[in-house]
Amino acid sequence: MVKLISRKQLQPALQWSLTTHHGRIVSLGLIAGLFYGYTYISFFIADLWKGQSQVVLNLGFLYLGFQLLWTRRKDLANVTVLADDRIIGHTLILAAALWLPFIRSSISLQAFLWMLILIGIAWSSFTPAIFGRFPLACLLILAGFYPDWIWLSNQIIQAVTGPYRLENAMAWISSLLLRAMGQAAEAQARFINLPTGGVEVAPGCSGYDMAFVLVGISILWGLFAKKSGLRIVLVATMGVAIALVLNIPRIMLMTFAAVYWGEESFDFWHGVWGGQIFSSLMFTAYYYGAIAIFDRPSQKISAQ
């Protein structure tokens with residue numbers, strides 16, 4: 001029978017966490033993190049049920065970040081921590097751990113407190129030099145523990161450009177194509193109106209969510225495969241184009257469903273199954289396009 005962790009391996013870790021001052025504080029921070037862990041997992045279960053895929057990004061960020069640190073674990077084991085660094089790290093852990101169990105209304109605030117706990121653990125265990133020596137690994141781990149980058153990035157973009165710019169553009173382009181098909185469609189801001197009804201291109205239907213996911217997958221894929229920055233940018237740009245272009249016929253289809261085919265048909269195409277169908281088409285197109293770019297051999301110019 002295979003044992004994942006033997007008693008001999010577990011006993012020193014338990015002894016360290018219970019008998020040393022540093023171990024007790026780190027354990028307290030990790031226990032407080034269980035409250036956020038429940039919220040974190042619940043968020044992604046609901047996200048998957050709605051047909052979203054951003055959990056792939058978070059798992060990829062966490063795996064890649066911890067892998068980068070694991071490959072340098074011998075260097076981390078030989079770090080000497082000063083007393084001042086221990087005090088600062090412990091202060092961050094305790095301050096965040098005491099607040100975290102009582103914050104239930106904001107997942108972003110919970111994530112921020114959990115990040116403070118992680119920063120405090122790293123600071124008190126490996127000194128702040130870890131952030132300078134392994135910046136990419138630290139950023140990937142922190143990014144992986146924030147669950148809703150789509151929402152946060154969308155809020156930042158709307159604060160800079162104004163609200164509903166992408167939704168308005170999607171409604172306008174879709175109405176043009178509907179008119180080209182003989183439909184009396186008219187776009188008013190983010191609404192598409194037909195003589196017998198209309199639909200709203202809401203933020204979740206603009207194609208931004210899937211475009212963001214494909215950009216993240218492109219970065220992770222490129223980092224895993226050790227591709228050049230140029231190829232990663234090309235694949236990410238292609239992903240954005242695929243997500244936005246394929247979203248237009250999806251909006252048109254849902255407009256037909258809402259106006260002509262009835263509420264049940266609209267709920268199907270707007271719900272989990274319809275979203276999965278479009279996601280499958282999008283990921284298939286993206287996969288073959290990314291393979292073509294990433295696997296294309298580099299052209300070398302030889303001197304004549």
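Let's start with Asn-154, which sits in helix α9, residues 149–161. Helices here are DSSP runs of H or I with at least four residues, strands are E runs of at least two, and both are numbered from the N terminus. What we have on screen is a predicted model, where local features need pLDDT of at least 70, side-chain atom pairs count only at pLDDT 80 or more, and totals for chains, interfaces and linings use all residues. Residues are numbered from 1 along each chain as its sequence is written, and side-chain values use heavy atoms, with hydrogens and water left out.

Back to our asparagine. Is Asn-154 buried or exposed? Asn-154 is buried, at 15% relative accessible area; buried means under 20%, exposed over 50%, and partly exposed in between, with a 1.4 Å probe and protein chains only. Setting aside neighbours within four places in sequence, Asn-154 is in contact with Pro-203 and Tyr-208, contact being heavy atoms within 4.5 Å.

Next, helix α8, residues 135–144. Its buried residues include Cys-138, Leu-140 and Ile-141. The buried residues of α8 pack against α2, α3, α6, α7 and α9.

Now the rings. The structure holds 17 aromatic pairs. For these, rings of Phe, Tyr and Trp (its six-membered ring) pair if their centres lie within 6.5 Å; planes under 30 degrees apart are stacked, over 60 edge-to-face, and the rest tilted. Take Tyr-40 and Phe-145: they form a tilted pair, 6.0 Å centre to centre with 50 degrees between the planes. Tyr-40 lies in helix α2 and Phe-145 in the loop between α8 and α9, so this pair ties together parts that are 105 residues apart in sequence. Tyr-40 is buried at 11% relative accessible area, and Phe-145 is buried too, at 15%. Ring pairs also link Tyr-40 and Phe-145 into a cluster with Tyr-36, Phe-43, Phe-44 and Trp-114.

Last, the strands. β1 and β2 run antiparallel, joined by three bridges; strands pair if DSSP finds at least two bridges between them. Ala-187 has Ile-192 in β2 as its bridge partner.
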